[in-house]
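Please have the structure open as you read.

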Amino acid sequence: MENKKVTFKDTLKSADTEEFIDLRFYRPVGYCWALLFWKLKISPNAVTIAGIFIGVGGGILFYYDNPVLNIYGMLLLIWANSFDSADGQLARMTGQKSNIGRILDGICGDLWFLAIYIALCLRLQHAGVDWYIVWPLALAAGYFHSKQASTADYYRNIHLLFLKGKSGSEVDNSRKLTEQYNSYTWKNNFWNKIVTFFYRNYTIGQEKSTPHLQKMLQKIQSTYGENVPDWFRSEFRAKSKPLMKYTNMLSFNTRVIVLFIGLFLNQVWIYFVFELTVLNIMLMYMVFTHEKFCKYFTTKIGQEP
């Protein structure tokens with residue numbers, strides 16, 4: 001860092017995977033935060049933890065049927081997401097990447113939305129909606145939210161893997177994580193063992209949802225090893241890139257825009273219904289399309305002249 005000027009562009013993952021709002025708002029703001037945190041010698045994980053508290057605080061304010069408090073909650077959530085952008089940018093600037101950081105980053109969003117879901121459920125109950133309608137609706141939305149976010153994250157990192165290589169991606173596999181988990185002891189590596197346990201299970205869930213992708217990755221490994229040919233990288237990028245807009249819409253900005261609309265209209269149930277309908281349709285289309293072209297590549301790998 002002291003010998004090289006790190007530009008804003010250096011802190012981005014890839015132009016292929018950056019979302020419109022992120023690229024024009026959260027990434028520039030996050031870059032400014034990252035420069036400040038670097039000068040103050042604050043670690044990326046510390047930024048993530050701070051973002052957790054800010055986002056949870058914002059989510060709690062959505063309980064109140066009060067436009068002013070709701071706007072404060074929105075501003076806190078935007079602030080928290082700028083920290084969520086900053087921690088990754090700071091990690092890329094300083095090379096402080098780790099599995100613990102990746103787990104914390106995932107937990108960060110989960111805790112934000114847990115606070116939001118609880119606040120919205122209590123708000124709907126307070127408005128007279130029966131609990132046996134509210135809570136099952138929220139639980140179903142939360143379950144599919146986790147599927148949407150984890151699948152989007154996985155596809156985005158697979159795209160980066162073949163675009164930029166292992167150094168530009170955060171893809172892991174459950175076999176290596178199981179070996180890593182077994183190498184830790186509860187006595188000497190308690191924290192690392194706990195973190196790896198949850199991260200491994202998260203990765204297993206991603207792999208189970210993408211059977212044709214797993215077959216393709218196995219065939220690539222057995223056929224080419226680490227020397228993936230340029231033709232495959234180029235063709236895979238061409239088929240995968242159109243899906244990147246769906247990975248972004250299933251992550252944060254789109255769902256939060258709908259959440260804010262529901263809050264302004266005082267019809268917060270809109271958010272849950274949107275997750276269960278529109279976002280699930282996007283998820284199914286994305287998985288179907290991705291699995292289809294992975295199946296195509298599995299048959300083509302090794303057959304080229």
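Glu179 is partly exposed, with 48% relative accessible area; buried means under 20%, exposed over 50% and partly exposed in between, with a 1.4 Å probe and protein chains only. This is a predicted model, where local features need pLDDT of at least 70, side-chain atom pairs count only at pLDDT 80 or more, and totals for chains, interfaces and linings use all residues. Residues are numbered from 1 along each chain as its sequence is written, and side-chain values use heavy atoms, with hydrogens and water left out.

**Salt bridges**

- The structure holds nine salt bridges, each a side-chain nitrogen of Lys or Arg within 4 Å of a carboxyl oxygen of Asp or Glu.
- Glu179 pairs with Arg175 in one of them, at 3.5 Å from N to O.
- Both residues sit in helix H6, four residues or about one turn apart; helices are DSSP runs of H or I with at least four residues, numbered from the N terminus.
- Arg175 counts as exposed, at 52% relative accessibility.
- Arg255 and Glu275 form a salt bridge whose closest N and O atoms are 2.2 Å apart.
- Arg255 belongs to helix H11 (residues 253-265) and Glu275 to helix H12 (residues 269-300), so this pair ties together parts 20 residues apart in sequence.
- Arg255 and Glu275 are both buried.
- Asp65 and Arg123 also form a salt bridge, with 3.6 Å between the closest N and O atoms.
- That pair links distant parts of the chain, 58 residues apart: Asp65 is in the loop between helix H2 (44-60) and helix H3 (67-94), and Arg123 is in helix H4 (residues 99-126).
- Asp65 counts as exposed at 56% relative accessibility, whereas Arg123 counts as buried at 6%.
- A network of salt bridges links Asp16, Arg237 and Lys241.

**The cavity**

- A search of the whole structure finds one cavity of 30 Å³ or more; on a 1 Å grid over the protein atoms alone, a cavity is a set of points where a 1.4 Å probe fits but cannot get out, and lining residues have an atom within 4 Å of a point.
- The largest cavity has a volume of about 40 Å³, a volume being the space filled by probe spheres set on grid points, which are joined across faces, edges and corners.
- Its lining includes Arg102, Tyr154, Glu170 and Tyr202.
- H7 gives the largest share of this lining, four residues.

Technical notes:
On a 1 Å grid over the protein atoms alone, a cavity is a set of points where a 1.4 Å probe fits but cannot get out, and a pocket is an open set with protein on both sides within 12 Å along at least five of seven lines; lining residues have an atom within 4 Å of a point. Helices (H or I, at least four residues) and strands (E, at least two) are DSSP runs, numbered from the N terminus.
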